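User: I am new to this structure and would like to learn how to read its features. Please take them one at a time.

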Amino acid sequence: MKEHKAADILRSARDRLSEPAAWVQGFFAKDAHGDWVRATDPGARCWCDDGAIIAEQGAAGAWPNTMVGGTPSLWLSTAAKALGFPTASLLNDAPHTKHEHVLALFDFAIRLAEAASEVPS
């Protein structure tokens, strides 16, 4: 079984959301018509923060039992909590949240995951 690093999945999920049109609030994912779809649906065109992680984990076959250094969702949630939000979803869906805030959240989570993977066990 191939092992996956949380920081790599977070980086890929951030890349998936790099354009503002690829980000959505209130849904895991939407298609080109604006209809709700599963995050792993091939027709999905925009994702929330958690949806982007789910999509990347699905594409890589990186499920929790294959992760090294914690799960991407753990690090995204930890970053959100450090910023005063109970969950990453609540940060993503907050009315004042902008696309650049979500990208910054991913940048923070990536730094956390990378730092944790450098600590000897």
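Analyst: Start with contact, which means heavy atoms within 4.5 Å. In the protein chain, residues 24 or more positions apart account for 62% of the contacts with a separation of 6 or more. This is a predicted model, in which local features need pLDDT of at least 70, side-chain atom pairs count only at pLDDT 80 or more, and totals for chains, interfaces and linings use all residues. Residues are numbered from 1 along each chain as its sequence is written, and side-chain values use heavy atoms, with hydrogens and water left out.

User: How many helices and strands are in the protein chain?

Analyst: Helices (H or I, at least four residues) and strands (E, at least two) are DSSP runs, numbered from the N terminus. The protein chain has five helices and four strands. Along the sequence their pattern is β-α-β-β-α-β-α-α-α.

User: What share of the 121 residues is buried?

Analyst: Accessible areas come from the Shrake-Rupley method with a 1.4 Å probe, and for residues only the protein chains shown count as cover. Buried means under 20% relative accessible area, exposed over 50%, and partly exposed in between. Of the 121 residues in the protein chain, 40% are buried. The accessible surface of the chain is about 6,600 Å², and carbon and sulfur atoms hold 57% of that.

User: Which residues have the most contacts inside the largest nonpolar core?

Analyst: In soluble globular proteins, nonpolar side chains tend to be buried together. A nonpolar core is a set of buried Ala, Val, Leu, Ile, Met, Phe, Trp, Tyr and Cys residues joined through side-chain atoms within 4.5 Å. The largest one here has 29 residues, and Leu10, Leu17, Trp47, Ile53, Leu76, Leu105 and Phe106 have the most contacts inside it. Two or more residues each come from helix H1 (6-16), strand E3 (44-47), helix H2 (49-60), H3, helix H4 (88-93) and helix H5 (99-118). H5 gives the most, with seven residues.

User: Which residues of helix H3 are buried, and what does Leu76 contact?

Analyst: Helix H3 covers residues 72-82, and its buried residues are Pro72, Trp75, Leu76, Ser77, Ala79 and Ala80. Setting aside neighbours within four places in sequence, Leu76 is in contact with Leu10, Asp49, Asp50, Ile53, Ala88, Leu105, Phe106 and Ala109. Just after H3, Gly84 has a positive phi of about 95°.

User: Is Leu91 buried or exposed?

Analyst: Leu91, in helix H4, is buried because its relative accessible area is 5%. Beyond the neighbours within four places in sequence, Leu91 contacts Leu83, Phe85, Thr97, Val102 and Leu105. Leu91 and Leu105 are 14 residues apart in sequence, and their C-alpha atoms are 8.9 Å apart.

User: How does Leu112 read, and what does Leu112 touch?

Analyst: Leu112 lies in helix H5 and is partly exposed, with a relative accessible area of 23%. Not counting residues up to four places away in sequence, Leu112 touches Trp75, Thr78 and Ala79. Thr78 is 34 residues from Leu112 along the chain, with 8.4 Å between their C-alpha atoms.

User: How many salt bridges are there?

Analyst: Side chains of opposite charge can pair when their charged atoms come close. A salt bridge is a side-chain nitrogen of Lys or Arg within 4 Å of a carboxyl oxygen of Asp or Glu. By this rule there are four.

User: Which residues does Arg11 pair with?

Analyst: Asp8, Arg11 and Glu114 are linked in a network of salt bridges. For Arg11 and Asp8, the closest N and O atoms are 3.0 Å apart. These two are separated by about one helical turn because they are three residues apart in helix H1. For Arg11 and Glu114, the closest N and O atoms are 2.1 Å apart. This pair links distant parts of the chain, with Arg11 in helix H1 and Glu114 in helix H5, 103 residues apart.

User: What does Arg14 pair with?

Analyst: Arg14 forms a salt bridge with Asp107, and their closest N and O atoms are 2.5 Å apart. Arg14 is in helix H1 and Asp107 in helix H5, 93 residues apart. Asp107 counts as partly exposed because its relative accessibility is 28%.

Conventions: Buried < 20%, exposed > 50% of the residue type's maximum accessible area, 1.4 Å probe, protein only.
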